[in-house]
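Hi,

Here's the structure I said I'd pass on.

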Amino acid sequence: MLWLIVAALAVRQMAAVLRQPPGERLTDLETWIGENGVLHVTGSLYDSDRITFTGTPFAGLVLKPLTRMAEQNLGVAWTFGTLLLVAALGIVAARALPGPVSRRTALPAAPVAISLLMLSLPVRNALHLGQTSILPVLPVLLVLLGCFAVRGERASGILIGLAAALQPTVLLFAVLLWLTGRRRAALTGGAAFATCTASAWAAMPGDSWTYWVHHVAGAGLGGNADSLANQSLHGALLRAGLAGPLEIALFVLLAAAVCFLGLRRAARYAADGQLLLAVAVTGCVAVAVSPTAWQHQLLWVLLAVVGRVGKRASDRPVWPVVVVLAITLPGTMLLPNMAVLYPVRDNVLLIAALAAACAVPFLPRTSEHWQHPIPTDHAAPVPARWSRIPLLPFRRRVLSRPNLLLELLLIRVVYSAYAHVRLAATAGRATAEQHGRQIHSIEQWLHIDIEHWANHAVVNAGRLRGFFDHYYTTFHFIVPLTILGVLYVRRPADYRWARSTIGFATVFALAGFWLYPLAPPRLMPGLGFIDTVHGVQDFAKPDYGSLTAMTNQYAAMPSLHFGWSLWCGVVVVVLAPKMWMKVLGLLHPLFTVSAIVATANHWVLDAVGGAAVVMLGFGLAYVLAGPRALRPGTVPAAAKPQDDLERSVPVPVPVPVPRPTDGAMDDVTDEVTDEVADEATDDVVGSKQL
């Protein structure tokens, strides 16, 4: 099944290329095969009047003989070759996992590695744009082949030297070889790099001078160094506002510190038997200290996923998930659009590379927790009403709270995906208005069409209108997040249950948005509704108001405003310890349904749909994982102090035994001797009878 997923991803990438018009297909590949591309240019590779070439002179020298093939415009073959390189890279990386590796891990390792590589931003951009496709993958593949596949110090050094000739910062791997005792391979790698560079210098002296001297190893080529695409320390300092000699001096100091710390860590992991992790750490160092580290050069960060972090089993997924999210999703999906978070959001990949190189405490193989982490506490299963529940018995109730960083990242990513799907789930104005007339007719037949009356009653009551407008726009997110936060701190076992139920409900709601786009009352022309929150809508325009560009105005059925508020009420009623808390929990959905109807943002049946998806969410959680309740006496380990655990264990109290006197000792010895002799006699008699 995993190999089928790999094949599906490869077909999808090829189809994405073939679906584009010829003029828009593999646009960056024009750098290589276009009329003015590097394979056709007769002058300098770095002529500013032509398409900018950012590779080394040796890369241009190697690709020059491909002019005839390039003239045939073999963009599809170029993409297919990149996919083959990605597959080879994934297989080599999977076979290089630090041992001992169980069969359960070894079998899916290769397809999982290839899938992650295909989903990563560097490979996706290279395949989509034809962005010098072989350069993101080939240096990484050459280094891995030199470290794991070939035999002999000379062959390893030659491969790493070739990789460094394509990307100069890869020469740091020669330092790693030297620190790990493979000095012959290190010297061979340096010699191979020097030979390749010298050959390019002899063939193209002008271009070599431009690249190595004028642009300082290519630092001034490509886009602006302060752009978000440059995920290096140099780019981060420029984005922070530094420039001139101060920025250069600070960059040199930071780069030296990163090299010192990162290479020491890499040598230590290599000596520990984790050579793949050492290679990943060295690659992350190369990313950070490079003057320009464009996005297609950041595959090294993904290799750092092999490191094991944390002594507890519950902490093991945190680092791999963080790395995969950082390398596969843009920063805008990982972090909210807040000014205080811009420095982090704009440098997500650089922060991940620096963390892997200098900060993350990867476990050594000698640690007792390397193979056997501290297990997670689970609750004993509670019998359900039906014998076939839970359908997923392995989803046992975890008593400890999840990792906070991982939880915040997942919540943010899931919400971003929800917003994107909700925005895309639209079928046009005509369909939405037709569905609106259907809902209005059903409510008239049921005699529950109270929206117009409630809307105009609130419009004429100024304070009530302000209250409902504020309640509609404010409490939709605040209350659910507050409840989740309290449960995370005070009731970790119930937090997981509550989070799953609201997640399932939201997924069901997305299906409703997609299948049944519905115009809310405020966007129904001719019915006389007044939008109290967003103001008067211009029905003459195809799209209503400025909000249409930011959110799907027709995502009304079901109402998640009421659905989430009802979820809050149910959770508070079930878990709150005091009656006044339960009453407040019930008031929230009551105020919410009043607000969504009075502000003309939802129909009454939208609230019914919101209640339905919430009940489906609770029901699905019950069917998959069983009842929410814990067995009597089960207390989460995170909520019970260690001292209480120790006091709860009964300790036997020693009973003093009177010491016999000297005269009594002889009597005791005689009695013991007689008892032993009697037992021996009984054993002999029993043996004869047997």
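Below is what turned up, starting with the overall picture and moving on to particular spots.

**Ground rules**

This is a predicted model, where local features need pLDDT of at least 70, side-chain atom pairs count only at pLDDT 80 or more, and totals for chains, interfaces and linings use all residues. Numbering runs from 1 along each chain as its sequence is written, and side-chain values use heavy atoms, with hydrogens and water left out.

**Overall**

The protein chain has 30 helices and zero strands; these are DSSP runs numbered from the N terminus (helices H or I, at least four residues; strands E, at least two). Of its 690 residues, 44% are buried, where buried means under 20% relative accessible area, exposed over 50%, and partly exposed in between (1.4 Å probe, protein chains only). The accessible surface is about 35,300 Å², and carbon and sulfur atoms hold 65% of that (Shrake-Rupley method, 1.4 Å probe; for residues, only the protein chains shown count as cover). Among contacts (heavy atoms within 4.5 Å) with a separation of 6 or more, 76% are between residues 24 or more positions apart.

On confidence, pLDDT (the predictor's confidence in each residue, from 0 to 100) averages 79 over the protein chain, and 76% of the residues score at least 70. Residues 637-690 are below 50, and that stretch has eight contacts in the model beyond near neighbours in sequence. Residues 542-549 also stay under 50, with 14 contacts beyond four places in sequence. Where pLDDT is low, the predicted coordinates should not be read in detail.

**Cores**

A nonpolar core here is a set of buried Ala, Val, Leu, Ile, Met, Phe, Trp, Tyr and Cys residues joined through side-chain atoms within 4.5 Å. The largest one has 97 residues, with Leu 144 and Trp 300 touching the most other members. Helix α15 (residues 275-289) supplies the largest share of this core, twelve residues. Beyond its neighbours within four places in sequence, Trp 300 has contacts that include Pro 139, Val 143, Phe 173, Val 279, Gly 283 and Val 287. Another core, of 39 residues, lies apart from the largest one, and its members include Tyr 488, Ala 498, Ala 505 and Val 614.

Helix α17 (residues 318-328) is largely enclosed by the rest of the structure, because eight of its eleven residues are buried. Trp 319, Leu 325 and Ile 327 are among them.

**Surface patch**

Leu 464, Phe 467, Met 579, Trp 580, Val 583, Leu 584, Leu 587, Leu 590 and Phe 591 form a nonpolar patch on the surface, with about 860 Å² of accessible area together. Patches use residues with over 30% relative accessible area and no salt bridge, joining like charges within 9 Å and nonpolar side chains (Val, Leu, Ile, Met, Phe, Trp, Tyr) within 5 Å. Two elements give two or more residues to it, α24 (462-490) and α27 (579-598), and α27 gives the most, with seven. Met 579, in α27, is exposed at 60% relative accessible area.

**Salt bridges**

With a side-chain nitrogen of Lys or Arg within 4 Å of a carboxyl oxygen of Asp or Glu as the rule, the count is six. In one of them, Glu 407 pairs with Arg 499, the closest N and O atoms being 2.4 Å apart. Glu 407 is in helix α21 (residues 404-424) and Arg 499 in helix α25, so the pair ties together parts 92 residues apart in sequence. Glu 407 is buried at 5%, while Arg 499 is partly exposed at 26%. Arg 491 and Asp 494 also meet, at 2.9 Å from N to O; Arg 491 is partly exposed at 33% and Asp 494 is buried at 6%.

Most residues other than glycine have a negative phi, and most peptide bonds are trans. A cis peptide bond joins Met 557 and Pro 558, with omega about 0 degrees, and Pro 558 lies in the loop between α25 (492-515) and α26 (560-575). His 447, not a glycine, has a positive phi of about 60 degrees; this residue sits in the loop between α22 (429-446) and α23 (451-459) and is exposed at 69%. Ala 600 also has a positive phi, near 65 degrees, in the loop between α27 and α28 (604-625), but Ala 600 is buried at 0%.

Cheers
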